[in-house]
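Please look over the model shown here.

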Amino acid sequence: MNREETHAAQVFMSHHGFVMGLALKHAPWPGLAEDVLQQVFLEFIAKADRWDLDTDPKPLLATMTRHVAQRYWRERTREMPEMMRKLADHLRMLAEERTAPARYEEETDALRRCLEKLPAKSRSLIDMYYYADLSTAEIACQTGTRTDTVCRAICRLREKLRICINRSTQGGEAYV
Amino acid sequence: MSDIPEPPDERSSLDDVDELIERYLVGNLTEAAAERLLERVETDPNMGQSILEQFAIDTMLRSLCGARTAMRAPISSLVRDGGGSDRDMTRVGRFNRSTVAVSAACIALIAGAIVWLKKPVRESAPSDRGRESAQSVLLIEPTTASVAVLARSVDASWSDPSRSYEVGSPLNPGRLRLKSGLAEIEFFSGARVVLEGPGELELRSSIEAYCSSGRLSAEIPPSARGFRIDTPSGAVVDLGTEFGLDVTGSESEVHVFKGEVELHADSRPKRSLKEGEAAAIGRTSSVRMFAANPTAFATPAVMRSRSTESLRRRYDAWRKASARWNLDPSLLVRLDIEGLAPGDQALANRADSGSAIGPATIVGCGRVEGRWPGKGALEFRGVGDRVRLDVPGDLSSLTFAAWVRVNGLDRRFNSLFMSDDFKAGATHWQILNDGRIRLGVAGRNGAGHVDYDSPVVFTPERLGRWVHLAVVFDGERRQVIHYVDGRRVSSNPVRKVFALRVGAAEIGNWSSATRVDRSPIRHYSGRIDEFSFYRRALDEGEIGEIAGLAAAADDS
């Protein structure tokens, strides 16, 4: 990496949460936001010598993210069966209608705090599902419950974490 | 929303919202599950928000924990359409902890990407190293390689049957082979060339072309000074002029009608040619001078005159055919938008069998020119512009057809012909902002609504040009067919059969005053110069006839 690219990478790193938040808004489909984030990063670095990195890069990153997300969305949904595409389009419409600003970085920090406050049983479920990468069926088998029970438990847990994050980002205490 | 039965072992899981959400998050949705989830989301606005919240938290958790779904695989490979049960919720391609330890944070992932993808990115970087403003560099914006546009044509027949050049088509660099007729090409530099068939012209850039055979004339405005046409025996460089070029075999004749050109004959010094002069240059022989003969070429002025005459003939032919079409007993509405005086609100319904429906009412809308000089059209521009009509009764089949010139797809939904309400078999014909055309049919007798979409039709090249659209709902054959310029572009099976209705409806807009909807503003932006509504399914030949006759006019 030359000096300009290194500087551009540093600038991007300090705004990657901002980009990820926008990617989630414009490409709300599992896995796609991460792809958008990477592509924006690569395009940003590729043209490092063109940017005036002394000014606020957010307008540029926002525009790049929107365009990459649109492009990726078109490519991804084109391959989808009809109902899947309609669902995806509907969810994107809902996501884009949201007026609240994307606060991905702030919320990720809050999520860390919330995870620390999780009761042992919930923490164990998170560990199995997200760290150990066990499927809901595998978790159900290990814990002697049904798959749909595991699904429900994970969904409820995410809902609780959302409430905790909201409380935490509004200045309240993080607890679950 | 579907009559497609689900596998018995899947049915129960589709009733569990949490399982549906989980399937969505792990990329394991079947088509049936997607449909069920969509139904839930459409009927419960909170459900959509809930899914998005779950999605955001899931993404953050995966980012923190280092796990990630491998959704880069084609989505089709992740869909198990209507197959067996997905109850095990296997995460598709998730990495386990040991394999992703190094990517526990997003930054690490990105840093890895630098090494992994740096080379291809640098190779694709443009050579222009100048500093640009942040807003001006969006190379990811859709762009066009076109250098010219086909401005007019008269009886044009192209040698390559796989290439269809319609008037208004942008032209990319490449070879045009005109078998017969005339084609007027406007280069983006402003240069205008009339090519006579048979002839071959290669477009190289907006200021450069190569003529290997045939005859052409060129009008070059000051903005295109320096416009150059190469031939096998030399080149003509314009110095602000009008000239003709006739290329046969190894000899080229250049006739200057106005101004001056530079002649660059191979291996000979360049020489200038002035108004009234002509020269013949061969590969080996010397330059032969003689008087220019403007009458031997179809100039842009001649082209305009011939084009006008051709358009008039088409218009006359359409009027004659219209009288016959109006007599079709299944035709309920035919608005030809002819004979309108300024300020007229009543728009005559020419359908012989449409007396019960009566005239339509124009609200707003500009009175403008249609497909041909003298032909009327309505321009829809403002959010209030619309044409209202009321078509009572139930229908088992129907056909909508219209000639439209779309300015742009400004709204999420751009109305063509919309029932005021959307219940009990009502129909909504509209263009989506991604260019697809949709016939939506509201649910009836307990069934949900169904949308029948075409593939993307309105790409940028189709904007600003007259296009014939038709959609057929064939209740007997149980299919919905979309047509563009008389050609079938999609056919979808009818998923639920019940009577359709239109009732109070609008062309080019949608009355939403009494309705709360996510996209209440759906006005159309563009022109419409003909609209027809039949109470039966027209076949492909009939659609081709109502589109084809006028489509030919578009060639002029």
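A:Thr65 sits in helix H4 (residues 58-78) of chain A; helices (H or I, at least four residues) and strands (E, at least two) are DSSP runs, numbered from the N terminus. This is a predicted model in which local features need pLDDT of at least 70, side-chain atom pairs count only at pLDDT 80 or more, and totals for chains, interfaces and linings use all residues. Residues are numbered from 1 along each chain as its sequence is written, chains are lettered from A and ligands numbered from 1 in the order in which they are written, and side-chain values use heavy atoms, with hydrogens and water left out.

With a relative accessibility of 0%, A:Thr65 counts as buried (under 20% relative accessible area; exposed is over 50%, partly exposed in between; 1.4 Å probe, protein chains only). Apart from neighbours within four places in sequence, A:Thr65 is in contact (heavy atoms within 4.5 Å) with A:Val19, A:Leu22, A:Ala23, A:Val36 and A:Val40. Chain A has 9 helices and 0 strands, and 60% of its 176 residues count as buried.

Rings of Phe, Tyr and Trp (its six-membered ring) pair if their centres lie within 6.5 Å; planes under 30 degrees apart count as stacked, over 60 as edge-to-face and the rest as tilted. The count by this rule is 19 aromatic pairs over all chains. B:Tyr315 and B:Trp372 are stacked because their ring centres are 5.5 Å apart and their planes are at 25°. B:Tyr315 is buried at 6% relative accessible area, and B:Trp372 is buried at 1%.
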